[in-house]
Protein chains: 2
Amino acid sequence: MDQVRQGVHLTDEQRLDWLRLIRSPNVGPRTFRTLINHFGGARAALEALPSLARRGGARGATQVCARADAEREITAAEKLGVALVALVEPGYPPRLQMIDDAPPLVAIRGQAAAFALPMVAIVGSRNASGAGMKFTQRIARELGEAGFAVVSGLARGIDAAAHRASLATGTIAVLAGGHDRVYPAEHVELLDDILSAGAALTEMPLGWEPRGRDFPRRNRLISGLSLGVVIVEAAKRSGSLITARFALEQGREVFAVPGSPLDPRAEGTNGLIKQGATPVTETSDIVTVLQPIMEQRNVPRQEAEPQPPEGGFFEGTDPAPDERTRILALLGPTAVLIDDLVRLSKSSPSVVRMVLLELEIAGRLERHGGGLVSLA
Amino acid sequence: MDQVRQGVHLTDEQRLDWLRLIRSPNVGPRTFRTLINHFGGARAALEALPSLARRGGARGATQVCARADAEREITAAEKLGVALVALVEPGYPPRLQMIDDAPPLVAIRGQAAAFALPMVAIVGSRNASGAGMKFTQRIARELGEAGFAVVSGLARGIDAAAHRASLATGTIAVLAGGHDRVYPAEHVELLDDILSAGAALTEMPLGWEPRGRDFPRRNRLISGLSLGVVIVEAAKRSGSLITARFALEQGREVFAVPGSPLDPRAEGTNGLIKQGATPVTETSDIVTVLQPIMEQRNVPRQEAEPQPPEGGFFEGTDPAPDERTRILALLGPTAVLIDDLVRLSKSSPSVVRMVLLELEIAGRLERHGGGLVSLA
């Protein structure tokens, strides 16, 4: 498969620019993509950041990630055996590359070969039942034997059981913090075992302590890496259900293990089955669904390289001061559709997008998905 | 609902004829229907039986149910408070009337009013788990409160739990033997409790000890009475799965309660869910599906009365001796399609059907469903 994989390699200098751009405040994966497409590259985007932020009304000096900080991260990563792989490079996990908010750079530790396997995520409750743990071990082992890498979140309970049962065949831990901030701390040894045939992946910088909000965000990577996600035991409103929702949004298969209606740990999985998830009582239920997907030809990569803008980016999209004022006046704490902003402001869509980008870089805009934005 | 129910009342004499016909050897519900449609009534069919059997090659004298035996059954039924209700009568359970092999007569004991309620069957393992029993009680009670009669098979385990939790609101026990041969014997008192607000129903004569093969046959009545069947805990190849299969064939809804893949009692129900049964974790899952079906106008009854044949039945359908020989020669122990018999014999379809009917009455034909027949 690797032979036919397209992609380019970043130079050290480009990688440094990419890292600085994604580590700069108010630049998330989507904004990164917008910036790099509009400005033709990370370097140009970095240079534009202060002016964008100023025009967006940022208070105080603009914090662009310093070159020295990025260099320090790269050095520390190398020391820990962590590779920073860019979205356009062949080492980037191919399915993950297809999601809308794929991280521009992922930090990968362990065996890169593990990412060449087809991947299935197995996730579930931290306070799992004995039966749930046993069933997880069974399907993780059998999926490993069937040639899949098992992706999970290194949490207690189901996640740990899934990793442990697939150590020999290859398992991938997706972290919510930096590679040097393993959570939970008691799983440091498990992570070491994982790295011998598998890998760990995160989008967060070294030194990053995972906070509560980092876990849901991390869950999109678990599903994004995988052909499908198996949910074993999940209570209502649990993190595993967030992973299932991401999987649906990303067009990945959702599998759920049924359980007794009297077991609160089965509420989430039974609910998923009611909503159409594939029920799983044996490994073949998963393989049967994934096999035809694997046999499809690889979807072409979205973009081999960031495309430089046609013509000058600022031509025609540089908002006149009164346009900026008019668009800003239409924004408030209540989310509004970007389409409505275009209609109401009578500005061109590209001008509206530019004003929103400026506000975003200035830290004044919140994006809600579905084309909805509000002032932060 | 009863006001709009169509139907006729049989005279005592007609009821006696119907009973004699269905109690005669080699006459099942389907053959009964064929006979009564072809001959215009039970009396004429009874009179034709010996000749049909002879022409079909029956060995020995033909056993037609004696008038005295039928009179004895009617007297005994009256004594026990059992009503023999015919397929064409308004007291016949309306949904049951719609199935292909509806019994021409059902023996009903208890409160006829119970059959005016919309019905849901709840069935499952005899060796049920505590959780299975508890969940059964919950849904049976709640379905009763929602205005449904609960249908089940009086067995140990799930069946008994379903009956017990719906005694006050109305529950219907469908028996595999006669009303005076309750199985299991330990449920005689439960049956008494059932009869105070509910009913018991069977197609078998008084005095009939249920044998193993009577239970699967009985299961078609459980599903046939009901809008839908809920399977709570069922192992692979269990009787409850037979009920589910009948329900599908009869166009009834199939509901299944999920369970852990490690619990063998959930193998059957999880399997049903995989095949498309509605998963049930709460009563509303059932009611939501059945409500719209109940609100549909009642499907018209298949036939208000048996139709007399147009023209003489024997005209054109009386096989010539060589035709009978030719058709018989095409039959053997391997099942063959009736359509193929017509094609290969070059006889008319009605002649082929008549020869098959003769063989059936003579006890020499086996019907396999799907238009397949073989010599018995």
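How much area do chain A and chain B bury between them, and what share of it is on carbon and sulfur atoms?

Modeller: Happy to! A word on conventions: this is a predicted model, where local features need pLDDT of at least 70 and side-chain atom pairs count only at pLDDT 80 or more, while totals for chains, interfaces and linings use all residues. Residues are numbered from 1 along each chain as its sequence is written, chains are lettered from A and ligands numbered from 1 in the order in which they are written, and side-chain values use heavy atoms, with hydrogens and water left out.

Now to your question. Chain A and chain B bury about 1400 Å² between them, and 73% of that is on carbon and sulfur atoms; buried area here is the accessible area (1.4 Å probe) that two parts lose on being put together, summed over both. On the chain A side, Pro261(A), Leu262(A) and Lys274(A) lose the most area to chain B, together 44% of what that side buries. Each chain brings residues to the contact, 18 from chain A and 18 from chain B, where contact means heavy atoms within 4.5 Å.

In chain A, the elements that give two or more residues to the side touching chain B are helix 5 (130-145) and helix 10 (267-274); helices are DSSP runs (H or I, at least four residues), numbered from the N terminus. Helix 5 of chain A gives the most, with 4 residues. By class, that side of chain A has 9 nonpolar, 4 polar and 5 charged residues, counting Ala, Val, Leu, Ile, Met, Phe, Trp, Tyr, Cys and Pro as nonpolar, Asp, Glu, Lys and Arg as charged, and the others, Gly among them, as polar.

Arg141(B) is partly exposed because its relative accessible area is 40%, whereas Glu145(B) is exposed at 58%; buried means under 20%, exposed over 50%, and partly exposed in between (1.4 Å probe, protein chains only).

In chain A, salt bridges that share partners join Arg30(A), Asp100(A), Asp101(A), Glu203(A), Arg217(A) and Arg220(A) into one network. Arg220(A) lies in helix 8 (residues 214-225) of chain A and counts as buried, because its relative accessibility is 4%. Leaving aside neighbours within four places in sequence, Arg220(A) is in contact with residues including Pro29(A), Phe246(A) and Gln250(A).

Another charged pair is Arg43(A) with Asp17(A), whose closest N and O atoms are 3.0 Å apart. Arg43(A) is partly exposed at 37% relative accessibility, while Asp17(A) is buried at 5%.

Conventions
Salt bridge = Lys/Arg side-chain N within 4 Å of Asp/Glu carboxyl O.
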